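Let's take a walk through a protein model together. Have a look at the picture, and then we'll go from a single residue out to bigger pieces.

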Amino acid sequence: MLNLIRETIVSYAFIERNFNLLKRYLSWEILFFSYSIVNALTIGLIMVGRGSSEDVLYLVIGALIWGFFSIMMREVSDAITWERWEGTIEYTFMAPIYRVTHLVGSCLFAILYGLLRTALVLAIMPLFFGEHIDLGNANWLTMSAIVLVSSLSFIGIGLMAAIFPLLSPEKGQAATGIIQSGLLLVSGIYYEIEVLPVWLQPISKISPATYTLKSIRAAVLDNASIESQMGNLLLLLVIGVLLIPFGFWVFHLGEKYAKRVGRLKRSG
Amino acid sequence: MKDKKVEQPIYGLDVRGVTKHFHQAKRTNNKPRFHQKIRQIFKREKEVVRAVDDISLEVNIGEIYGILGANGSGKSTLIRLVSTLLTPDAGRISVFGDDVVTDSLKVRQVMNRVSVEASFFKRLSSSENLIYAARLYGIPATEAERKSKQILERLGFDPDRMNEEMEHLSRGMQQKVAIARALLTTPMLLLLDEPTTGLDPKSKRDVQAFIEEIRQERNAVIVLTTHDMAEAERLCDKIAIIDKGRFIAEGTVEELIASAPSQNGTPATLEDVFITLTGKGIEEE
């Protein structure tokens, strides 16, 4: 128990460090935040004048939720990339902490940061879309439950993606992007999965983003209750519970490999 | 008759027959032909480099053990093996009786390292970097701030600059912060990997004096790798000379000097010993 408390306190080190870094790069953060707004606008505007308000909202939800999960996955692997660039990863790996503590700390920051940025973008959307963004009918409780449970899966994927920058800080981040675009393709972010080629559709069934999007759209557009989304929630929970230990295991393999072949050092 | 169990002495650091090799692209002096270049894209020829080759050493509590070697001789690889950042291919390393591979967490609790490259989050201040590092060892922020201020003041670092971003600090100042980071955790095993390389004479003196202070104050085990003969002579109780991953000599400064022939009647220096044994100067690759 004492160990658990200690490790929880230690994981705060990563949250604090990342927020400190965020403050130092505030002007860049504003730039990225503007990009998130432009991205959501560009996608939402496709339907303005062509479809109903519901269609606009359908796309905006896709953009926002995808933005949130992309931030989460990217932040986890960014934390590793950054440490590899600065050379501090050797010091983090030398510290007497469990790898779980290290990665959980990075993941918690990713969730907090992703939520903050997505909430800000969501708050700004009505300024541009006016009556098209009507969240009056949304079931916020269902939305929150879905976001919370599905975060587990995306953390698991983020952990797996984090081994790429661990092995190569130069190219690893791009490899993380490849995983993201694969998920974007099959998960029905901006379209129904039924429009995918038949051979691709089974893959969408194992993507957590598919169920997340379905349930969040149901919660926002149709005021769906938690009970009505219980099937998807359970499925997301199972995927998350499987993906997180799998992600840790993959990262552990990456760490073992890096220590065997000497990939942790930046110089010297 | 009962078997008498032979008690093995527990050293602060005990390295037994450790070997580490890496595979790296084969170096060749010949300019490859076109078809060879194409072949290399798909199948790069690799060679095995023995970075550390069957090294053994023991360091007692309260001792400073120096490792002298040229660039690329295997000093940093050995330090990384001890600090759990590399896994040995053969041999065993134990720190106060705990194995660095199987009891890695226990070893990491009592050890810290200063490397030649002061690696930090350069946009964060020294204070932020030190608090982050201390938290990883379970040290609260207030204690970390108090201790780091003390250490940095002793190293001649102006405490008013602790809130400045690291990228604005000179290399010498960054290295002092790196030393503070390692000492904040009160390590029983301190690995100093060329801590004074590239420092100006004043910073170098400050750091060396501080290492001496640590030796006097606490019973830590210190391993110091260096290029600097005078530094090794001043600080180390025992010195090993490493070349191509192997220890080619080991002993006290006096023992090493005694092993070398005198030069035209004048007694040999540590540098003479080094050149005689390795056939090259300390700065040569």
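Does A144(B) count as buried or exposed? Keep in mind that this is a predicted model, so everything here was worked out from predicted atoms. A residue is called buried if 20 or more other C-beta atoms lie within 10 Å of its own. A144(B) has 22 C-beta neighbours inside 10 Å, and therefore it counts as buried.

Where does A144(B) sit? You'll find A144(B) in helix α5 of chain B, which covers residues 141–154. Setting aside residues up to four places away in sequence, A144(B) touches L130(B), I131(B), A134(B), I139(B) and L184(B).

Now let's zoom out to the nonpolar core. In soluble globular proteins, nonpolar side chains tend to be buried together. The largest nonpolar core in this model has 143 residues. Those with the most contacts inside that core come from both chains: V60(A), M72(A) and V76(A), along with A180(B), I222(B) and V223(B). Helix α3 of chain A, residues 53–86, gives the most to this core, with 18 residues. Pick V76(A) and see what is around it: leaving out neighbours within four places in sequence, V76(A) is in contact with S106(A), C107(A), A110(A), I155(A), G158(A), L159(A) and A162(A).

Next, stay in chain A and look at a pair of helices. Two packed helices are described by the angle between their axes and the distance between the axes. Helix α2 (residues 26–45) and helix α5 (residues 99–129) of chain A pack at about 50°, and their axes are 10 Å apart. That's why α2(A) and α5(A) are oblique to each other. Their crossing is right-handed. On the α2(A) side, the contact is made by F33(A), S36(A), I37(A), A40(A), L41(A) and G44(A), while α5(A) brings R117(A), L120(A), V121(A), I124(A), M125(A), F128(A) and F129(A). Sort these contact residues by type and you get 10 nonpolar, 2 polar and 1 charged.

Finally, how do the two chains meet? Here, 28 residues of chain B are in contact with 30 residues of chain A. On the chain B side, the elements giving two or more residues are α2 (75–82), α3 (104–109) and α4 (126–135). Of these, α4(B) gives the most, with 4 residues. This side of chain B divides into 12 nonpolar, 8 polar and 8 charged residues.

Key: Residues numbered from 1 in each chain as written. Chains lettered and ligands numbered in written order. Predicted model: local features only at pLDDT ≥ 70, side-chain atom pairs only at ≥ 80, totals over all residues. Axes fitted to C-alpha atoms, helices over the stretch in contact; angles between N-to-C directions. Parallel < 35°, antiparallel > 145°, perpendicular 65-115°, else oblique. Left-handed = near helix turned anticlockwise from the far one by under 90°. Contact = placed C-beta atoms within 7 Å. Nonpolar A, V, L, I, M, F, W, Y, C, P; charged D, E, K, R; others polar. Core = buried A, V, L, I, M, F, W, Y, C linked by C-beta atoms within 7 Å. Buried ≥ 20, exposed ≤ 12 C-beta atoms within 10 Å, placed from the backbone.
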